[in-house]
Amino acid sequence: MKALLRLFLLFALPFASQAHESTLQVEDAWVREAPPTARVLGMFMQLHNAGSEELVIEGASSPVCERVEIHRTVIEEGVARMIPQEELRLAPGQTLSLEPGSYHLMLIGPHQALRAGDEVKLLIQYDGNHVQRIVAPVRNDRGGDMDHSHHHHH
Ligand SMILES: [Cu+2]
């Protein structure tokens, strides 16, 4: 039993110390597949502040594209516009949903076409010197889409 406990600690400790630093939890991240010629792709996820203080997401980067911006889609007079955001603020315990038609990350200038099934690495910068690395799949999403700028019929 003691040996088992020691074994558990051996494995648990590196994760525990990591969890202590990381108050940002990211779930259900995915990138929306776009036509091969697309110069931007939307990326979506659930962001959760598991800490006891406000968390500020300052930006993100990915090896698959030139840069990543934080955007918010707003509808003005029936037209969808994307407004760049300086940062995202999460109150303690808050979950913010990045989803089509709302907040999202914009992958700008992809180095190559991203297809459904591909994986995208992303590094999220928050609270000054913290980073969170995630890997997200590219998915084909044709349902529930508010953005009709790309058509699939010819
Ligand atoms: Cu955008």
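Asp127 lies in the loop between β9 and β10. Strands, here and below, are DSSP runs of E with at least two residues, and helices are runs of H or I with at least four; both are numbered from the N terminus. This is a predicted model: local features need pLDDT of at least 70, side-chain atom pairs count only at pLDDT 80 or more, and totals for chains, interfaces and linings use all residues. Residues are numbered from 1 along each chain as its sequence is written. The protein chain has one helix and ten strands.

**Overall layout and confidence**

- From the N terminus, the elements run α-β-β-β-β-β-β-β-β-β-β.
- The mean pLDDT of the protein chain is 86, and 78% of its residues reach 70 or more. pLDDT is the predictor's confidence in each residue, from 0 to 100.
- Over residues 13-20 the pLDDT is below 50, and beyond near neighbours in sequence this stretch has zero contacts in the model. A contact means that the C-beta atoms of two residues, placed from the backbone, lie within 7 Å.
- Residues 143-154 also have pLDDT below 50, with nine contacts beyond near neighbours in sequence.
- Among contacts between residues at least 6 apart in sequence, 68% join residues at least 24 apart.
- Buried residues make up 21% of the 154 residues in the protein chain. A residue is buried if 20 or more other C-beta atoms lie within 10 Å of its own, exposed if 12 or fewer, and partly exposed in between, with C-beta atoms placed from the backbone.

**Nonpolar core**

- The largest nonpolar core holds 26 residues; Val31, Met43, Leu105, Leu107 and Val120 touch the most other members. Such a core is a set of buried Ala, Val, Leu, Ile, Met, Phe, Trp, Tyr and Cys residues joined through C-beta atoms within 7 Å.
- At least two core residues come from each of β1 (24-32), β2, β3 (55-61), β4 (65-76), β8 (103-110), β9 (119-126) and β10 (130-139).
- β2 gives the largest share, five residues.
- Leaving aside neighbours within four places in sequence, Leu105 is in contact with Met43, Ala60, Val68, Ile70 and Leu98.

**Strand pairing**

- β3 runs antiparallel to strand β6 (residues 88-90), joined by three bridges. Two strands pair if DSSP finds at least two bridges between them.
- Within that pair, Ile57 has Leu88 of β6 as its bridge partner.
- β3 also runs antiparallel to β9, through four bridges. Here Ala60 stands opposite Ile124 in β9.
- β4 is joined to β8 by seven bridges, and the two run antiparallel. Arg72 stands opposite Tyr103 in β8.
- Seven bridges also join β4 to strand β5 (residues 79-85), again antiparallel. Ile70 stands opposite Gln85 in β5.
- β4 and β5 form a hairpin with two residues between them. Glu77, in the turn, has a positive phi of about 55°.

**Two residues of β2**

- Asn49 is found in strand β2 (residues 40-49). Asn49 counts as buried because 22 other C-beta atoms lie within 10 Å.
- Beyond its neighbours within four places in sequence, Asn49 is in contact with Thr23, Leu24, Leu55, Leu90, Ala91, Pro92, Gly93 and Gln94.
- The C-alpha atoms of Asn49 and Pro92 are 5.6 Å apart, although the two residues are 43 apart in sequence.
- Met45 is also found in strand β2. Met45 has 22 C-beta neighbours inside 10 Å, so Met45 counts as buried.
- Leaving aside neighbours within four places in sequence, Met45 is in contact with Val26, Glu27, Asp28, Ala29 and Leu98.
- Met45 and Tyr103 are 58 residues apart along the chain, with their C-alpha atoms separated by 9.5 Å.

**Positive phi outside glycine**

- Asp28 is found in strand β1. Its phi is near 55°, a positive value in a residue other than glycine.
- Asp28 counts as exposed because it has 11 C-beta neighbours inside 10 Å.
- Asp127 has a phi near 50°, likewise positive in a residue other than glycine.
- Asp127 has 17 C-beta neighbours inside 10 Å, so Asp127 counts as partly exposed.
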